[in-house]
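I open this notebook to record what I looked up in one structure. The entries follow the order in which I went through them.

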Amino acid sequence: MDNHTNYLDEEEDNGYIKIDRYNESKIASVAHHYKDILGQLGEDPSREGLIKTPERVAKALQYLTHGYDLNPAEILRSAMFKEDYSQMVVVKDIEVFSMCEHHMLPFFGKAHVAYIPNGHIVGLSKIPRIVDAFARRLQVQERLTNEIRDCIQDTLMPAGVAVVIECKHLCMAMRGIQKQNSVTTTSAFTGEFAKDKTRAEFLRLITANLH
């Protein structure tokens, strides 16, 4: 966020304080355009149920795209540690929520990420954080998959990286072909995961029920 970003909304419930951070000038500009859009759609932006809708939509969009303000490589570098461990590290079932850049409708599902350390490991919470940093942008699933892979490979320099993402796309379910139960799967691999045996082990681990 830039220097004009302020903490605007605070809600307190049972000792929990929620603080949402927004850029006031961006919110005002986007809300102004959405008020016009409502009118163009045949609605009355001044009726009770829609008076605050443009501002709400503007705030929602700023949150849903806040990944543009994050540096995924810095997130990884903030928790890199030297460690003599060279076996596969897998973080699976990471929740993914993103926005299709073609229709600005959500797609959502799970990401499964693995890497093979080559002198350094990374704090486990940082893997879901970089997934979120790339997902909270206007995206296509194919690029999202590659960006996560490349960020880990270029920053951590492991022996290999594997990323599989499975998502449902509302642009397919709510409009167009209207196939509600379809799931799109994308994958990206580097290094050791290009080998059939290593990739097969990764795929077995992400599909296994280990509970």
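**Entry 1: cysteine 171.** I looked up cysteine 171 and found it in helix 6 (residues 170–173). Helices here are DSSP runs of H or I with at least four residues, strands are runs of E with at least two, and both are numbered from the N terminus. Cysteine 171 has a relative accessible area of 11%, so it is buried. Buried means under 20% relative accessible area, exposed over 50% and partly exposed in between, with a 1.4 Å probe and protein chains only. Leaving aside neighbours within four places in sequence, I find cysteine 171 in contact with Cys100, His103, Leu105 and Gly176. Contact means heavy atoms within 4.5 Å.

**Entry 2: basis of the values.** I note that the model is predicted, that local features need pLDDT of at least 70 and side-chain atom pairs pLDDT 80 or more, while totals for chains, interfaces and linings use all residues. Residues are numbered from 1 along each chain as its sequence is written, and side-chain values use heavy atoms, with hydrogens and water left out.

**Entry 3: the annotated site.** Which residues does the UniProt annotation "binding site" cover? In the unreviewed entry it covers Cys100, His103 and Cys171. They are spread over 72 residues of sequence, yet cluster in space, with a largest C-alpha distance of 7.7 Å. UniProt positions are given in the numbering used here, feature names are shortened, and annotations may be inferred rather than shown by experiment.

**Entry 4: cysteine 100.** I place cysteine 100 in strand 4 (residues 89–100). Its relative accessibility is 7%, so cysteine 100 counts as buried. Beyond neighbours within four places in sequence, cysteine 100 is in contact with Leu105, Phe107, Gln139 and Cys171.

**Entry 5: positive phi.** Most residues other than glycine have a negative phi. I noted aspartate 93, where phi is positive, near 60°. Aspartate 93 is in strand 4 and is partly exposed, with a relative accessible area of 36%. Methionine 104 also has a positive phi, near 55°. Methionine 104 sits in the loop between strand 4 and strand 5 (106–116) and is partly exposed at 38% relative accessible area.

**Entry 6: helix 4.** Is helix 4 (residues 126–135) mostly covered or mostly uncovered? Helix 4 is mostly covered, with seven of its ten residues buried. These are Lys126, Ile127, Ile130, Val131, Ala133, Phe134 and Ala135. They pack against helix 3 (72–77), strand 4, strand 5, strand 6 (120–122), strand 7 (138–139) and helix 5 (141–156).

**Entry 7: helix 1 and helix 2.** I looked up how helix 1 (residues 24–40) and helix 2 (residues 53–64) meet: their axes come within 8 Å and cross at roughly 125°. Axes are lines fitted to C-alpha atoms, for helices over the stretch in contact, and angles run from 0 to 180 degrees between N-to-C directions. The two helices are therefore oblique to each other; angles under 35 degrees count as roughly parallel, over 145 as roughly antiparallel, 65 to 115 as roughly perpendicular and the rest as oblique. On the side of helix 1, the contact is made by Lys26, Ile27, Val30, Ala31, Tyr34, Lys35 and Leu38. On the side of helix 2, Thr53, Pro54, Glu55, Val57, Ala58, Lys59, Leu61 and Gln62 take part.

**Entry 8: the whole chain.** I list seven helices and nine strands for the protein chain. Buried residues make up 38% of its 211 residues.
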